[in-house]
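Here is a brief report on a predicted model. Keep the sequence and the structure open while reading.

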Amino acid sequence: MSGLDDFVQPFQVESRSAQGRLVKIGPALDAVLSAHNYPSIVAGLLSEIVVVGAMLSGTLKKAGVLSIQIRGGAAINLLVVDVTHDGGIRGYARFDETKIKSLNSDRYVADKPIVPVLFPNGKLTLTLTEEGKKSPYQGVVPLEGKTIGDCIAAYFSRSVQSEAVFKIGVDNSDLGWRAGGLMIQRLAQKGFQPQSGDERIIDVNEKWNRAVILMKSCSNTELLSKTLHPHELLYRLFNEDGVRVFHPETLHMKCRCSQEKVKNVLSNFPHSEIKKMKNGRFVMVTCEFCNCEYKFLLDDIIKIDNNTY
Ligand SMILES: [Zn+2]
């Protein structure tokens, strides 16, 4: 880990009740957002999804990409974040500027229960694309919760059939955007098949409940601190039960677009769509993730026949 920023620190609580991930992200988050000039509320919510993506990137067992999409809002139509197995992050948002301005406040406020207001028919899509797998895994669930953290916990309960708790902090100062995240997931007790009334159930539940209480005692200041070492923070939180840390992953902004990839995508577009994008003899495309502009000769994209254009 270089410095105390832009990393994912995996850990396990020694009572074997929970495993978790601690994320702190500053310059890498600023790099994702600085490709755009989003209103505060859009940038703040996208930051929360970046943190969630970083926390869940450990779900990738092989080289690949984890993608999170949130849809279903009138003011914010789409929030997308991609995280690769080696910590490359990118993200973008689609929104209606007029509708954002008509909100009570377009300023991002952490922990505000804004999700049901902004995404009344919201859907959360999580896609895992891994090398060597024929097709990606995709889970789609309704957005259930008042905050992004609640919605991700509900996703875990519904799709992963596992209990998990998330804490997310985002801050925007003169120094830029930074964010932190802490999640714990309940560990399955291997070889343990208790019968009703078994005292071990009470013990296992108590350990998990204690891990949740300890995790929730993390303050926003601790979560967003640039100087508090992750090992120190985890020890502060879980020293009662003990905590084991694993190899951390570094986070950085990385877009995977290229002239070749954009050309391939364009080649599969219907003629009518290409027609809308052409400008004289050229087709111009802007990558929504990083704002890079690509310019192609129309003739290179498609053979002109029967005066289609
Ligand atoms: Zn790009």
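## Sheet, cores and metal site

The model, which is predicted, has an open sheet of 6 strands, ordered β7-β6-β3-β4-β5-β12, with mixed pairing. Its edge strands are β7 (137-142) and β12 (252-253), and each of them pairs on one side only.

Within the sheet, β3 (residues 64-71) and β6 (residues 123-130) run antiparallel. They are joined by 8 bridges. In general, strands of a sheet pair through backbone hydrogen bonds, either parallel or antiparallel.

| Element | Residues |
|---|---|
| Domain 1 | 7-253 |
| Domain 2 | 259-301 |
| Strand β7 | 137-142 |
| Strand β12 | 252-253 |

The centres of domain 1 and domain 2, taken over C-alpha atoms, are 34 Å apart. Their contact involves 9 residues from domain 1 and 4 residues from domain 2.

The largest nonpolar core holds 71 residues. The members that touch the most others are Ile-25, Leu-45, Leu-56, Leu-79, Ile-89, Phe-119 and Ile-148. Helix α2 (residues 40-56) is the top contributor, giving 12 residues. Where does this core lie relative to domain 1 and domain 2? It lies between them, because both domains give residues to it. In soluble globular proteins, nonpolar side chains tend to be buried together.

Leu-56 is worth a look in the viewer. Setting aside neighbours within four places in sequence, Leu-56 is in contact with Leu-66, Leu-126, Ile-152, Phe-156, Phe-166 and Met-183. A second, separate core has 20 residues, including Val-165, Ala-211, Cys-218 and Leu-233.

Now the metal. Which protein residues donate to the zinc ion? The donors are the SG atoms of Cys-255, Cys-257, Cys-287 and Cys-290, at 2.2 to 2.3 Å from the ion. Along the chain, the zinc donors follow the spacing C-x1-C-x29-C-x2-C. The site is tetrahedral, with angles of 102 to 115 degrees among the 4 donor atoms. For comparison, the ideal angle for four tetrahedral donors is 109.5 degrees.

Is Cys-255 buried or partly exposed? Its relative accessible area is 21%. Buried means under 20%, so Cys-255 counts as partly exposed.

Methods. Residues are numbered from 1 along each chain as its sequence is written. This is a predicted model: local features need pLDDT of at least 70, side-chain atom pairs count only at pLDDT 80 or more; totals for chains, interfaces and linings use all residues. Side-chain values use heavy atoms; hydrogens and water are left out. Donors are N, O and S atoms within 2.8 Å of the metal (3.2 Å for Na, K and Ca); water is not among the atoms, so sites may look incomplete. Four donors count as tetrahedral if all angles lie between 85 and 135 degrees; four count as square planar and six as octahedral if opposite donors are over 155 degrees apart and all others between 65 and 115; anything else is irregular. Buried means under 20% relative accessible area, exposed over 50%, partly exposed in between (1.4 Å probe, protein chains only). A nonpolar core is a set of buried Ala, Val, Leu, Ile, Met, Phe, Trp, Tyr and Cys residues joined through side-chain atoms within 4.5 Å. Helices (H or I, at least four residues) and strands (E, at least two) are DSSP runs, numbered from the N terminus. Domain bounds come from an automatic or database domain assignment. Contact means heavy atoms within 4.5 Å. Two strands pair if DSSP finds at least two bridges between them.
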